[in-house]
Structure formats: C-alpha cells, structure tokens
Amino acid sequence: MNKLKLNYTSLSFLPILVCIPLGSQLINNIHFGGFKLFQEFLISAFNPKIDNEIIITVINRLNETILIGFFSWLVSIIFGAIFGIISSNIFYKIFNIPNFFYRIIRFFLTIIRSIHEVVWGIVLMQIYGINFSIGIIAICIPYIAVNSKVFAEQLETIDYKRFESINQINAPKFSSLLTIVWNPIINTFKNFGLYRLECSIRSTVILGLFGIGGIGTNIFLSFQTLNFRELWTYLWSLAILIILSGLIFKKIKFNTTNKIISIFFIAVFFITILFSFSYFLYFIFNNNFENFNSVSSLFKSSSDLGLFDFLKLILETIILSLLSTGIAISLPPVVIGIFNNNTSKFFIKIFAFILRLIPTPVILLILLTFNNPSLSLAALTLGLHNAGITSKLLFTNLESQDRRNYIAMKSLGISKKTSWLLGLFSQQAKSYLAYCAYRSDIIIRETAIVGVIGSIGLGWQLQESLTSFAWQEVTIVLIAYSSIAIVGELINGKIKNSLT
Amino acid sequence: MNNTLLELKNISYKYKNNLILNKVNLKINSGEKIALLGKSGSGKTTLISVLNGTIKPTQGEVKLFNKSFEELDRKQKSKITTIWQDLRLIEDLSAEQNVNCGLLAENNFYFAFKNLLNISSFKKAHKYMQLCRLHNSVYHKKIRKLSGGQKQRVAIARSLIQGSNILLADEPFNNLDPKLITTIKNLLLENLDKNNTKKSPKTALVALHRLDLLKDFDKVIGIRDGKIFFNIKSNNLKKLHLDKIY
C-alpha cells in the first residue's frame, strides 16, 4: 500500500476537519428562538439609522477612536523603534555590552507582547478606573513590544560587513549606531508603520467594547439594547473609516530626502518621547489605585482557583486556539476553491470584509443570539474573523500570481476547480501556510477577547477574578496566558522557519 | 629610532578549523609603501582585517604605535583607514553621505545626525569626490544606483577624507580604467595638505594583482596559504619570487 504523503496544498485543506466536532456541538446548541433577532440584525444592515443626532454621535465617537488610535500608534511606533534598537544584537556589538542583557530585554518584551491589549485594558481599567488614557496605555504596552520585535528583526538583517566598515572608522559609538540603523529603521517605518496605525485603530474599537470609549463603546451599547439599526450605523461608519484610511495610507509616501519633512519627523519624535515621559510620571503620581492594594498582593496567599479547574481552563484555551486556527487556515481555500467564479468571488470578498470589519466580540454576541455559549462557538467566532484576514491575503496573492499553469491545465480539459487547485493554489500554499503560522500567534492572544465574552477558557476566568478583585488569581491567569502565547510563538516560529 | 607603526608578531588565524593565517610576522615602518601580492584566497583580506583590528587573531599579537589594540583609544585607532575589496558602502545613503561617513571619527553625534538628514555640509566630501574624478551628477545618487567604478571611487573618497596616516587597501584598483588607476594610485599613496599641493609621506599596505603598479611601492610582500613567502624591496622582485606564490 502506498504511504500517505502530505504536501503544502493538502496541509492547507486538512484543518477543515475541525468543522466536524465543531459543527456537531454547534447544531446541538442551537436555540431557534433567537433566529428572529439574527434576522433583524441582518435586515438592519440595509436600513441603518440615519438622523442628525446619530451622525453627530458617530463623528464624535470616530474622533475619539482616531485620537486614541493615533496617539497609541505614535507612542508605540517611536518606543518600538527605540526598544527594537536596544533589543537587536547590533547595539550590543557597537557598545561591547554582553549579550546577556540583550536576552533579558528580549524575554521581557516577549512576555509583554504575549498578553493581548484587551487583557491589559481590562486589568488597567480595574486598577485605575475608566479613563481615556487607559486605552492609549493598554494599546501601547503590547504594541511597543510587537513593534520592537519587527524593528529588531529588520536590524538583524543588516549586513555584518556594513557594521565592520563603520566600526572601523572608529567614530563615537552613538554616531556609528545611528549611521548603521538609520535606514533600516526608516524603511521599516515606511513599510510597516501605517499598517500598525490601522491595527491601532482596530484595537481601539475592540477596547471600546469593553468601555474605554470611542465608537466601540457605542457599538456595544447599541447591541446590548438590541438597537441593530443604530449598531449598523456605527459599523458602516467604521467601515468607511477603514476603507478611507486604507486609501489615504496607499497615497502617503514618506519622502525622507526632504529636509523640512525630516526635521518635522524628528521634532515629532522628540516631542512624543518628552510628552510620554511627562505623562507617565503624571499618571503614576496622580492615581489613587483605589482597588489595587499593592504589588505584593499579586503574589500573596493561595487562590481559590483549584488546580484541576485551572488546568481545564488552560486546555480549553489551547483547544480554542487550535480550532480557530484550523478554520482560519482552511476555510478561505475551501470556499474560494468551491465557489470559483467571478460573481462568487465578489460576494466572498464582501463577506470576508464584513468578517474583518465586525470586531470579534460583536460577532460572538451575534452568534449567541441563536446558539448557547460553548467552546465551539468561541472557536467559530475567532476562526471566522481570522479567516476574513487570511482570505484577503490569499486573494491578493492569487490575483498577482502567474496564471500560465492554470491556463495550460484548463486547455488540457482539466476542470476549473482542479486547475485552480493545482495550477494556482498549490504554488501559493507554502507562503500561505507560513502567513497562517504567524496568524496563529495572534489567534492565541485573541482567545482572551472571546474568552471574556463567551465564558470560555482563561479569558472568562480573568474577567471573573478581576471583578472579584482576586489579584493573585489574575496574576496566575496572566502567567498562564503568557506561557501559552510564548510556547505557541516558539512552535509557530519553528513552523515559519521550515516554511520560509 | 624605532619608527615601526604596525607590527604583527607570530599571528595565526583559524576559521572553522582552516588555518587562514599561519605564524605571520610583519613590521610596517612609517612612510613605507608596501604591495601585498598573492592568489585569491591566499589570506590577503584576512591579513588586512587583522591589521585594522576588525578580526582578532587566534594567536599572536598586533601592535599599533607599539601598543596592542586594546590599549589604544578611539582617536589612535582612527589613524588607520581601510578600503575594502567589497567596498562596504551604505547602499541606502547617497554618495556624498557615504563619503561624509569618513568624517564621523573627528565629529560628534550631531554631525552623524545631520549627515543622515542630509543637512550637513558636503563641501569637504565634494572636494575629495572631485579628486577621485567623480562627476557632480553622482553626488546625490544612492550607492545602489552607481556603477562599479563609481562605487569604487566613493569608497576611496571616503577613505581619503578620513585623513589617516595608515592606509590599508584591498584591491582598490578594481573596476577602474587605466587612466583612472594612475590618478587614484597617486591619490592613495600621497598625503595631501589642505590645499592639495604639498605632499608628505604616507604609510600604505595595498593588496593588488597588477604587477605593473609595483614600481611605485617600496616593498613587496608575497603571501600564499596564509604564510609570508617573501618580504623584499620592490626593485629586487624576480620571476622566481612570483612563481612561489602564484
């Protein structure tokens, strides 16, 4: 008998098997009474509420969202670049500092990065209360770590000979450092900076759902009052904001050879650093930490959380990540492969856009109208939202690919679907899987959001512990979250390396 | 009087179990112009990298001004300038910014900052670029947009602007046409004062393949398999010597 051999194409489709256990649980959990609500939600999409009052609210809330998103982006990109430099080995080579420090900083940043901004947000809100600046701080903490990783990775690609050449001139250390890292930093900012601004705005919306402010808060409130027409007004306005910002970002080109623009950027850089430090000090010395006794309380005494229950929550979180990743990987190629004509593709793109647009907690709340809370429902939510993102990438790559193989196969009389699979998709499968490995890092972190809303895994426990001010439980949950995310990142890193 | 500038004492260098330099002893006196001959892979580049302190030898001692590299301060180390075989220019910077990098050692951080922002003075850089016969149309061009010969001359201009006493050059005449070779050779082997007129002696060790250029050097060193085979006055060089290393 021939041995089964898996290739990249089959590996892209295989995870769709997660739909079997998922589907059976979802079918068992359906409650038909909620379909009327779901129907109302869908109809409202074509009939959003439009009057003067809501337009003014939308403008105000969008302003808040943009403001929080923009400031968190600005601070996180600047400090991300600084931390990127001090967590890259080029810094240690120039200053002759032992690599030991470099490992400590990287480890510290990995821990910070492993916890989702929503988790930081709800923890900080519990400590400091609801505050406009909490949103900025909650986004900045993990984003600085994420951005620093990207900057550091770019700095690692610097040709060692360039370093030797500048080092041999024996210039002052800071001059050498600046000359070596300047262009990689600028180029990373050009390629990656605006994408991070979009991410920052999306994160602001999600944090808004948890009460930080901005349009997210209004989305959540309108859902709670089942005011779907109002909800869709907010969702469409958010869609317009994302589409417009995407169009504007495409047009923006940073001309670093223009002296005035360069000086302007440098001024913004230093003002942001100065302002951030001043605000940080103000924040520390002007808060009462009402509900938060002391840092020592985080580690004091044993918690009420039983070991068995805790392990069960960890297992649930891991299963949730795996199931969601399975959907995010396989759903786009399966759907595109089956409905492989121009009209279907058009509708798939719209559907994928809506999945990307609607924040995961809202998708989950919508699905909860006709399904009981379960691990499968949370996995479906997270999987669908991320499938919206992976499908965008897959469409972009497939459209820019050389179609000669596909045409040649069709000319041999091979069916359109098979030609698509073997002539087009098979060439993209490897890079698609590599991106999905990166995406699964994000999915692991996002389990916290659906966990909080969908009463699943560690996210749920975190919410419970926070509302009862059980800080030692919060610490345990955060350590568990962080550990899962770090282990996941290590495994995905290995997968990515084997695929690239 | 001991006028030894650079000295290698019993230098060996091992890389991945391969002995690249094997017990090399060498003295370079002030004002000496030395040509370094040898096949590709004979250890010329490694020898230059050991001399400028870029790589640490596995065994032996390197001395500059009778001090080991660890004892030297930054200003003393900057008395050596190197022209690398692979040039090692910063591709994303313009030609003039790259040449200005040669001035980093004698300036502060603010100068480096202004250079990257393109707001520093390029007067001095332009002067050296002109000396290297670089047309002003290439001043603002990014390195990646230049031809091989233009890049070579930018690297030479960057080295000259450093105003160092000791020049180490690894095949600096690559990519240059015969007329330019003469000009560049004169520039490299002669120190220029502020007005580019008065000439003073300069110490140089230049790795090259072209035998017709040897007449301008005081000494010739032949290297093969990481070992120095001969170290003689250039006018004593015979075919016999060359047969040993090629």
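At what angle do helix 16 and helix 17 of chain A pack, and how far apart are their axes? In this predicted model, helix 16 of chain A, residues 360-367, packs against helix 17 of chain A, residues 375-399, at an angle of about 135°, and the two axes are 9 Å apart. Since angles over 145 degrees would count as roughly antiparallel and 65 to 115 as roughly perpendicular, helix 16 and helix 17 of chain A are therefore oblique to each other, and their crossing is right-handed. On the side of helix 16 of chain A, the residues that take part are T360(A), I363(A), L364(A) and L367(A), and they meet L377(A), A378(A), L380(A), T381(A), L382(A), L384(A) and H385(A) in helix 17 of chain A. Sorted by class, this contact has 8 nonpolar and 3 polar residues, with no charged residues.

The residues that make the contact are T204(A), V205(A), I206(A), L207(A), G208(A) and L209(A) from helix 10 of chain A, together with I215(A), G216(A), T217(A), I219(A) and F220(A) from helix 11 of chain A. By class, the contact between helix 10 and helix 11 of chain A has 7 nonpolar and 4 polar residues, and no charged residues.

Helix 14 of chain A, residues 307-338, can be considered by its length: at 1.5 Å a residue, its 32 residues should span 46 Å, and because its end C-alpha atoms are 46 Å apart, the two values agree.

Turning to the two chains together, 25 residues of chain B are in contact with 20 residues of chain A. On the side of chain B that touches chain A, the elements that give two or more residues are helix 2 (74-77) and helix 4 (109-117) of chain B, and helix 4 of chain B gives the most, with 5 residues. By class, that side of chain B has 12 nonpolar, 8 polar and 5 charged residues.

Notes
Residues are numbered from 1 along each chain as its sequence is written. Chains are lettered from A and ligands numbered from 1 in the order in which they are written. This is a predicted model: local features need pLDDT of at least 70, side-chain atom pairs count only at pLDDT 80 or more; totals for chains, interfaces and linings use all residues. Two residues are in contact if their C-beta atoms, placed from the backbone, lie within 7 Å. Helices (H or I, at least four residues) and strands (E, at least two) are DSSP runs, numbered from the N terminus. Ala, Val, Leu, Ile, Met, Phe, Trp, Tyr, Cys and Pro count as nonpolar, Asp, Glu, Lys and Arg as charged, and the others, Gly among them, as polar. Axes are lines fitted to C-alpha atoms, for helices over the stretch in contact, and angles run from 0 to 180 degrees between N-to-C directions. Angles under 35 degrees count as roughly parallel, over 145 as roughly antiparallel, 65 to 115 as roughly perpendicular and the rest as oblique. A crossing is left-handed if the near helix is turned anticlockwise from the far one by less than a right angle, and right-handed if clockwise. The expected span of a helix is 1.5 Å times one less than its number of residues.
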